[in-house]
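Hi,

Here is the structure I promised to pass on.

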There are 2 protein chains.
Amino acid sequence: MTTATATWLDIAADHPYGIAHLPYGVFAPADGEARVGVRIGDRVLDLGACAEAAGMESASVWQTPSLNAFLAQGRSAWASGRAWIVEMLSNDARRDCVEPHLYALGEVTLHLPIEVADYVDFYASEQHATNVGSIFRPDGDALTPNWKHLPIGYHGRSGTVVVSGTDVVRPTGQRKTPADSEPVFGPSIRLDIEAELGFVVGGTSEIGSRVGVDAADEHLFGVALFNDWSARDIQAWEYVPLGPFLGKSFASSLAAWVTPMEALSAARVDLPAQDPRPLDYLRGDALYGLDIEMEVSINGTVVSRPPYRGMYWSPTQMLAHMTVNGASLRPGDLFASGTVSGDAKAERGSLLELTWSGQEPITLQDGQTRAFLEDGDTVTITATAPGPEGVRIGLGEVTGTIRPAH
Amino acid sequence: MTTATATWLDIAADHPYGIAHLPYGVFAPADGEARVGVRIGDRVLDLGACAEAAGMESASVWQTPSLNAFLAQGRSAWASGRAWIVEMLSNDARRDCVEPHLYALGEVTLHLPIEVADYVDFYASEQHATNVGSIFRPDGDALTPNWKHLPIGYHGRSGTVVVSGTDVVRPTGQRKTPADSEPVFGPSIRLDIEAELGFVVGGTSEIGSRVGVDAADEHLFGVALFNDWSARDIQAWEYVPLGPFLGKSFASSLAAWVTPMEALSAARVDLPAQDPRPLDYLRGDALYGLDIEMEVSINGTVVSRPPYRGMYWSPTQMLAHMTVNGASLRPGDLFASGTVSGDAKAERGSLLELTWSGQEPITLQDGQTRAFLEDGDTVTITATAPGPEGVRIGLGEVTGTIRPAH
C-alpha cells in the first residue's frame, strides 16, 4: 500500500498521475532504445537507469523493452518495486539520484508495454451481451443460456495487439448479409470499436493446475485501457460456429501505461448481484468490480461514458475460469473485459450498440453523423478512477486513427 | 530441391528419415542445453555445433532452444540451410566434421520445436465439419452457410501447446446437457482427440498487409502432426456464441519433428473440387492438398486412418485467409488443419465421430471399449507421405497419455 502523500517533484497534489498512481510503461528516448519506465506527472522515470545509479542489483529487470521480466517476478517483487519507486520520488535525499533519469513525456516514444503472451477477450458486461444478442440473434434469447454461469471468453490474436497511437488499417474481407445471395469481398463497411479494460497478468502457473478466485490477485499486475476494434460485417458472416476470427484479429489497441492494481485499491466496489449463484470455483472472498469511469470520443466528440462498475464478472472470476481447466499462465498474458456498456444508451461501449446496428446514427460536434467508423476517424478512450489518497487517477488513453484499406 | 540420393551414414535407402526427409527439431543431450537439430535415420545432428565446426558464420541461428530464429530468416535461408545439410551428410569428405555432432535419438530429450507465437486452428475437413455439425446441431444444416466460402478458423492458446510425449491432465470444468437443470462441475467425461496436421510459419508480414495464396508458400516452413485434445462436454456448453475456449485450451500436442515443405514436394496432390467457386483472394496457382496418410492408435490399437489428401482447403488458402484482414505473421506462428476425417467411418479423426458422440463405442485389442478417453490411455498419431526420391517418409508421431484430473 502506498503511504507517501508527497513527492519532491513539482506536481499538484491532485494530479491524475501523482505519486498515488505510478503506472508502468515502455518508452524510448530520442536517442535510445526502449526500456521500462514509470510515469510521474508529465514525466517518465527510466527505472533501470535510476535503479542502477542507486546500486540496486535488480536494475536489469527494467532494462528491457517490455514489462515481461518484471511481470515474471511476481507479486512480492511488484510490491517492493513500487515501494522503492515511492521512496525515490518522496525522499528529497534521493533527488540527485533520480533527476538525471527523468524525461519529459513529450520527448519520448511510447511502446507496447508488454510482449503479449496469450490474449483472451471476455464478454463480461450483461448490458453489452444483451444488446449484441438482441442485434445478432433477434429470434432467440438475447443472453445465451451459459452467460450467467460462466464468464464467456475466447482467444484473440496476440501478434496484432498494438500500442495506443498506432494507426489502424481498415480490414478487408468477406461479408454476406441475408439480402446477399453470395458473399461480397471488400473493405469492411461496419468498422467498430469496443471500449474495454485490459488486465495484465504476471507470474506463472503450471499446466494442469488452476488458479482459484482467491489466488487470482497474485497474478493480476495491473490494468490498461483496451480497444478491441471490430469489423461487424466480417464478424457476422464468419463467427458461427467457432467464434470471432478475422473480424477482430486485424488490430487491438492497448494503452501505453499499465496502472498497477495497488493504485486501484480505492476503486474496488461490490459486484452486481450474481443470480443464479455461480458454481463454487467462481466464488470466494476476492470478488470485486472497479469504479472506473470511461469516456469514448470520436474526432473529439464524446460519444459514450461506459461505467466499468456495473460489469457482471470480477476480474478474479475471469482469471479463475480461464485456468480452471488446467490452462497455464505466462508473464505477459493479457485478458480484456469485453465491451463495457451501462444501462443508459449514452453508456454503450460500441457503435453497434450506440447506433443499434447502424439504424440510429450518432451526430458529432461538426454535424457529421456516424453509423460506423469512416477513414480518418480518430477514436480515443480515456478513463479515471478513485485513487488511494482521495485523488482521482487517470488511466491514460488508448487512441487510434483509421487508415483506408490497402 | 534435394538431389542427393545417398549419404555416407549407414542408413537404408528407404528409411523414413533418410536424406530425402531431414526434419528439424529441438533436442537436449543428457548433459547439455536444448538446441536445434536435424533428424537423419535414428540419429540427430547438432546443427549449430556442426556448422560452427565447419566455420559457418550463421551457426548461431541453430544454437538456440527453438526454431524461431531460423524461421525468422525466411525461405531462401531455409533452402540454403537444407542444401548445406544435404552436402554435409552426402559428401564423404564431411564425415569427420559431422560425426562428433551426431547423437543417438534414444540419448536425447526432445523439446517443443518452436516457441509458438499465435496458434490458429482451422476446420478444413468437409467430412469432419459435417459429422460435428450433425452431432452438435442436429436440427440445422450440418455445414454452416459460410463453410464452403471461407476456411473457418479461430485462435487457440499458444501457451499450452506441448511437445509430443507430454502427459495431459484431464481438464475440469462446467458442463450441462439438455437433461441437466443446472450446470455440473467436475472432470471432463467426454475427453477426445483431434488428429490434425500443424503448419509452422516463418518470416514476417506487416500488419495491414496481406499474404496472398501464391505468396503463402514463402511463409510455410513445414508440417508437424498435431493433436488438439478436446473436452466435448465443456466445449458443448461454452462454445455459443464466441467459440471453443476451455474445451480446447488445456493442452494441444505438437510432434517434436517438423518436416520441411521441401520434403513434401512429392506428396502434393490436387484439391477436391471447390464448389461454389471461392472468392478471388482464395484462388491462385499454389493450391494443393497433401497425400499424408495418418494413423491414430489408442493403447496400441489402431482406431482410425485419416487421409489428409481429402482436405477441402489448401494450406495456402488457410494462410491467405488468416491474413486477408491485414493480420500480421510472426516466426513461430502455428496453424492447424482441424480434424482430418475421411469418408469412411474408419477414417474419422476424433472419437466424437468414431463413436458418434459416444453412442457406438469402439473396441480395443484387449477387449476394452471406449466412447471417450479414460485415465491412463495413450493416444499416438503417426503418418507417412510419399517422399521426393520414391521412398515413403515418416512424419514422426505425436503422443500423449491422459493423467487423472487434480
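Before the annotated sites, a word on the record: UniProt positions are given here in the numbering used for this model, feature names are shortened, and annotations may be inferred rather than shown by experiment. The model is predicted, with local features needing pLDDT of at least 70 and side-chain atom pairs counting only at pLDDT 80 or more, while totals for chains, interfaces and linings use all residues. Residues are numbered from 1 along each chain as its sequence is written, chains are lettered from A and ligands numbered from 1 in the order in which they are written, and side-chain values use heavy atoms, leaving out hydrogens and water.

**Chain A, annotated sites**

UniProt (unreviewed entry) lists Asp228(A), Lys248(A) and Ser252(A) as "binding site". They are spread over 25 residues of sequence, yet they cluster in space, with a largest C-alpha distance of 7.5 Å. The same annotation name also covers Asp121(A), Glu194(A), Glu196(A) and Asp228(A). Those span 108 residues of sequence and still cluster, the largest C-alpha distance being 11.0 Å.

Asp228(A) sits in the loop between β14 (220-227) and β15 (230-231) of chain A (strands are DSSP runs of E, at least two residues; helices are runs of H or I, at least four; both are numbered from the N terminus). Asp228(A) counts as buried because its relative accessibility is 0% (buried means under 20% relative accessible area, exposed over 50%, partly exposed in between, with a 1.4 Å probe and protein chains only). Beyond four places in sequence, its contacts (heavy atoms within 4.5 Å) include Asp121(A), Glu194(A), Glu196(A), Lys248(A) and Ser252(A).

Asp121(A) lies in strand β6 (residues 119-122) of chain A and is buried at 2% relative accessibility. Glu194(A), from the loop between β12 (191-192) and β13 (195-201) of chain A, is buried at 4%; it touches Lys248(A) and Arg232(A), among others. Ser252(A), in strand β16 (residues 252-254) of chain A, is buried at 2%.

**Chain B, the sheet**

Five strands make an open antiparallel sheet in chain B, ordered β4-β3-β2-β1-β5 (two strands pair if DSSP finds at least two bridges between them). Its edge strands are β4 (102-104) and β5 (109-111) of chain B, each pairing on one side only. Helix α3 (residues 75-90) of chain B packs on the sheet, touching β1, β2 and β3 (43-46) of chain B, and its direction makes about 65° with that of β1(B) (axes are lines fitted to C-alpha atoms, for helices over the stretch in contact, with angles from 0 to 180 degrees between N-to-C directions).

Cheers
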